[in-house]
Amino acid sequence: MFDLFSFLPRAVVQGMPLLLGSTGETLTEKSGNLNLGIPGIMYVGAISGVIGSFFYEQATGGNVQPLVAILIPLGCCLLGSLLMGLLYCFLTVTLRANQNVTGLALTTFGVGFGNFFGGSLIKLSGSELPSVILTATSNVFRRSLPFAGKLGWFGKIFLSYGFLAYLAVVIALVASYILKRTRAGLQLRAVGESPNTADAAGINVNRYKYVATCTGSMIAGLGGLYYVMDYASGMWSNNAFGDRGWLAIALVIFTVWRPNVGVLASILFGGLYILHMYIPSGMNLAVKELYKMAPYVITIIVLVLSSMRNKRENQPPASLGLAYFREER
Amino acid sequence: MNNKQRSPLFHIAKRSALRWYSAWAIRGGAVLLALVVCGVITSQVTGEDPIAVYKAIFEGSFGSSRKAWVLLQNIAMLLCVSLAVTPAFRMRCWNLGAEGQALAGALAAAACMILLGPKLPNGAVILCMIVTSILAGAIWAGIPAFFKAKWNTNETLFTLMMNYVATQLVSYYCVVWESPKGSGNIGIINPNTQIGWFPSIAGQKYLLNILVVALVCVAMYVYLNYSKHGYEIAVVGESERTARYVGIKVERVIIRTMLLSGAVCGLAGLLLVGSTNHTLTPTLVEGRGFTAVMVSWLAKFNPIWMILTSFLLVFLSRGAGEIATNFGLNSSFGDILTGVILFFIIGSEFFINYEIHFRKSGEKEETSNV
Amino acid sequence: MDNKIAAVKMRNITKRFGPVLANDKVWLDIYRGEILALLGENGSGKTTLMNMLSGIYFPDEGEISIDGKEVVIRSPKDAFDLGIGMIHQHFKLVDVLTAAENIVLGLEGKLDLKAAKEKIRGICDAYGFEVDPDQKIYDMSVSQKQTVEIVKVLYRGADILILDEPTAVLTPQETDKLFAVLRNMRDDGKAVVIITHKMHEVEALSDRVAILRHGQFIGDMPTRDTNAQEMTNMMVGHAVTLNIDRPEPVDPKPRIEVKNLTVRSIDGILKLEDVSFTANSGEILGIAGISGCGQKELLEAIAGLQPVESGSIQYIEDDGSREELIGKNPLSIAEMGVSLSFVPEDRLGMGLVANMDLSDNMMLRSFRKGRSIFTDRKTPRQLALDVVEELEVRTPSVATPVRRLSGGNVQKVLVGREIASAPTVLLTAYAVRGLDINSSYTIYDLINKQKAAGVAVLYVGEDLDVLLELADRILVLCGGKVSGIVPGRGAKKRDVGLMMTKIGGKTDE
């Protein structure tokens with residue numbers, strides 16, 4: 001029997017890393033930067049947070065102060081992903097390197113970085129298993145409202161998550177609002193559509209690209225952090241994050257560059273990812289893999305349909321993937 | 001605004017042209033600089049002196065004849081995928097789906113081995129493998145190409161998504177064909193009969209791959225630079241309007257070139273299954289589809305230079321792997337080093353394409369290196 | 001003028017693009033309460049100079065001062081802060097945004113589109129513009145887009161306005177309206193610069209005229225103190241007497257017959273309506289019309305590059321047999337044995353591949369020849385060498401990418417290739433645009449030689465003087481319809497001009 005009340009919360013926790021990743025990537029792409037380094041950045045965000053909280057837990061012997069236990073990994077995660085964003089910007093914006101190549105190199109680097117330090121921590125912790133477990137920190141991250149449990153199905157579906165999940169939704173909605181309703185959002189869209197025009201209008205194109213891409217990287221990095229601390233209950237094992245970074249990029253296309261749509265779409269993607277467990281035939285391991293294919297297939301369908309309908313608002317930002325040089329002739 | 005300062009400190013202009021040897025000198029400089037940085041990082045992490053690190057890098061590739069063969073085999077496979085994506089790139093069509101296309105080829109080859117292995121003679125199985133895997137790769141690339149040609153669907157995003165469709169498809173079949181039951185892996189296919197295994201040449205298991213790829217490399221070079229198709233690809237890449245103006249059917253060239261691109265990827269998948277690994281896993285291609293993008297771009301889409309760039313990347317990752325085992329580091333260390341080196345090379349392109357004018361006392365200076 | 005302080009002083013401005021010297025030590029003064037016409041041929045460096053004032057380019061050398069104070073304009077934002085606003089020839093608008101969003105783009109403060117729309121309506125009412133602030137740019141016509149551009153600059157309160165060839169896309173009525181607005185602005189005390197190469201605009205509108213030639217400042221003077229002849233002389237360097245050769249057509253026979261041709265653009269806009277005419281062999285058929293009234297579509301329809309809604313285009317062989325060209329692409333037309341050459345308007349974007357060298361560009365037409373799967377590189381190379389020699393193309397070698405050649409040499413390469421295939425029909429669009437006088441005459445000679453060889457030439461031109469001296473007959477288009485066909489010999493410029501703006505050319509007055 002399909003149990004919606006246990007399915008939905010699990011779909012949500014699956015979806016939130018994707019939501020953060022795709023919100024970050026949407027902001028980035030709106031500035032005309034196709035950052036294919038997002039998967040790497042999410043790895044770096046996750047491992048930076050893990051490193052921070054690992055040493056904090058070691059220092060305190062597991063008796064963590066809740067606020068510090070949140071701030072240290074959060075700060076490390078933001079710093080790590082910011083540095084990745086800066087690197088991407090320096091190469092593609094300042095040095096005008098090819099975005100696809102830079103992004104892929106960043107992903108290679110980021111995934112390697114995550115697995116290397118993850119592996120080192122595992123060794124340091126002397127664990128038998130190939131993973132590090134940060135239970136104390138994770139418990140802080142996973143803490144939900146105390147009365148959530150008393151509210152039955154309502155509490156379970158809406159109130160049972162750690163604070164990062166709500167933050168993810170808020171970030172997505174705020175990002176949507178900024179893009180649609182504020183001057184900064186308007187100028188950012190102009191930069192991504194036509195940097196030439198934006199430049200002629202007196203907008204500092206490079207600054208917008210830097211700020212949007214770095215902010216986007218940090219948001220995406222949070223997605224990695226959420227995955228480790230909340231979804232995986234504080235357990236880091238190498239490569240466990242898998243292809244979620246690419247799924248986040250797929251989500252950007254699926255939502256046609258709208259973070260607010262992403263809130264529900266990410267839960268849909270998350271649901272598709274775990275749907276096999278709730279379907280009778282799902283116990284068949286092979287079929288599980290086919291369900292995991294679904295998000296990519298529907299993304300492709302959306303991509304194709306939007307290009308066939310050719311509605312101007314639903315196209316990728318016009319200068320996506322192109323470096324901007326004012327004096328190009 | 002500061003009116004005392006008469007002009008910005010420097011400004012950037014596009015170079016009219018740089019001689020090829022200067023360009024390669026800049027790239028070489030970037031690689032050297034990157035190696036120095038990598039050496040410093042490694043000796044910081046391991047506490048070893050840099051010389052030992054470089055020695056380890058070198059030994060990772062040439063330490064023994066087995067290592068040298070593995071190096072050559074890896075270069076060949078990376079080069080093969082890089083050659084595959086190059087025609088599409090020359091057409092300014094960003095085929096980021098080489099990973100998926102190669103997997104599709106590998107899947108087809110493995111399917112022939114598993115399903116036809118017990119029924120047909122070895123020769124027939126190998127023939128089926130060759131045909132179906134090349135076809136599968138071509139189809140996998142042909143789908144995005146069709147939509148690109150017909151509705152201008154963004155091929156970068158489409159091909160990227162196709163990678164994961166292929167990965168999941170392979171994962172599915174890995175379970176369906178698992179052996180032994182419950183392992184979730186296919187394991188070595190036909191371990192006893194060796195049906196569908198490509199023959200060793202002169203006792204070397206990898207020689208066949210290397211020879212095939214060398215042939216493809218030369219053929220691709222000739223195809224791109226001297227054939228009518230290659231010329232059409234170049235024209236379409238430079239300007240679709242010009243191509244239409246001289247009567248080139250742009251849609252047809254896009255589809256044909258992507259089919260070729262996918263077919264060569266399929267060939268890479270075939271070689272990986274039939275010759276190198278004799279098995280199928282979702283990670284069989286090992287990210288070469290993405291590394292190939294960098295190999296091809298670094299070589300400026302020139303097949304001959306690509307031998308050099310793929311050597312460089314394989315050499316580094318083998319070296320980094322050696323460092324990892326020698327000094328007790330995690331094998332992912334190699335990815336970090338590869339990343340660092342790529343950043344340097346990517347950054348160095350700026351100094352090839354642009355020049356910086358400093359405006360000090362009205363004089364102009366040029367920087368030419370990193 | 002000397003007692004006024006110049007709003008803008010540009011001194012010794014130099015700008016290079018690679019090997020090309022676009023501006024060479026230019027001096028220019030711009031005053032408030034005055035309309036300055038910046039006059040010069042295409043490629044004389046007018047736009048580059050103004051781009052440096054509006055912050056798009058940064059000068060390699062020289063100084064700029066505003067109201068007597070030396071300034072550095074590093075970006076368009078700096079320019080706005082100094083009250084400089086430029087309306088570019090290629091509109092700087094973001095297609096997917098609305099008019100209002102485009103107008104407030106780049107400003108600071110909280111985004112209040114409601115207030116912005118109010119202000120836009122105010123400006124529109126004051127000057128008689130019609131702009132729907134909520135309309136998306138991609139839904140707009142060219143003149144609507146230009147209006148948005150002008151409103152954008154006014155919205156920012158610019159008091160130094162630069163307009164780059166603003167009338168090129170306008171109908172005469174729209175031009176009159178624009179000129180009235182510009183005069184109002186001048187009377188408001190704003191400094192207005194209009195970049196143009198049209199003499200009558202200078203005379204009709206400007207108070208002062210400054211002339212550039214080959215990137216150099218030639219001189220400036222009050223418009224009332226000069227005349228068209230003097231300005232032309234300054235613009236081109238020496239007195240022009242357009243003595244273009246026009247031999248009598250030899251044995252003209254119908255070659256291309258166009259009947260009731262109707263063409264719509266992809267957006268569904270009617271570009272050509274019920275166009276019929278015949279082009280004869282051994283004759284130059286000039287095609288006149290203001291910019292964008294269907295010339296491009298007409299040539300591209302004949303060349304097989306433009307889908308046609310209805311009508312017919314027939315190619316007539318010497319023996320009278322006919323071939324329908326509609327529904328064919330350039331390749332199938334060539335395969336039918338029709339040797340049709342086309343010199344398009346966009347040389348580097350369509351006719352040639354900018355990044356390829358001369359030999360490879362020669363190959364564009366011929367690379368399919370032969371059964372081999374490989375290209376023949378020797379013949380195109382030889383052709384390139386021949387073209388370089390015969391047409392005196394100035395290039396380091398035939399292995400130089402064509403983008404590095406100057407405009408005139410690029411055109412020689414293109415025309416040289418197109419006539420090398422011994423065409424029976426030659427289509428040319430703006431064949432001498434941006435070319436210096438010498439190169440232009442080389443091109444006229446080449447076209448006349450083709451005519452003498454019995455080729456049917458269709459010559460689309462923007463310079464009426466040239467059309468009147470070169471063409472045997474002139475087909476005048478107006479808004480996609482045939483306004484009339486007149487013999488080139490004896491045609492009056494005034495009559496043709498009228499036909500361009502009104503079907504049949506008869507005025508009601």
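This is a predicted model: local features need pLDDT of at least 70, side-chain atom pairs count only at pLDDT 80 or more; totals for chains, interfaces and linings use all residues.
## Chain A overall, and a look at helix H7

What is chain A built from? It has 13 helices and two strands. Of its 329 residues, 60% are buried. If you take the contacts between residues at least 6 apart in sequence, 79% of them join residues at least 24 apart.

Now for helix H7 of chain A, which runs over residues 163–181. Its 19 residues, at 1.5 Å each, should span 27 Å, and the end C-alpha atoms sit 26 Å apart, so the two agree. Which residues of H7(A) are buried? They are Leu164(A), Ala165(A), Ala168(A), Val169(A), Ile171(A), Ala172(A), Ala175(A), Ser176(A) and Leu179(A). Looking down the helix axis, these buried residues fall within an arc of 155°, so they line one face of H7(A). On the other side, Val170(A) and Arg181(A) are exposed.

The cover over the buried residues of H7(A) includes these helices of chain A:

| Helix of chain A | Residues |
|---|---|
| H1 | 4–30 |
| H5 | 135–142 |
| H8 | 183–193 |
| H10 | 205–231 |
| H12 | 259–274 |

Over in chain C, the domain assignment gives domain 1 (8–236), domain 2 (254–339 + 422–505) and domain 3 (353–421). The centres of domain 1 and domain 2 of chain C, taken over C-alpha atoms, are 34 Å apart.

Technical notes:
Residues are numbered from 1 along each chain as its sequence is written. Chains are lettered from A and ligands numbered from 1 in the order in which they are written. Helices (H or I, at least four residues) and strands (E, at least two) are DSSP runs, numbered from the N terminus. A residue is buried if 20 or more other C-beta atoms lie within 10 Å of its own, exposed if 12 or fewer, and partly exposed in between; C-beta atoms are placed from the backbone. Two residues are in contact if their C-beta atoms, placed from the backbone, lie within 7 Å. Domain bounds come from an automatic or database domain assignment. The expected span of a helix is 1.5 Å times one less than its number of residues. The arc is that of the directions from the helix axis to the C-beta atoms.
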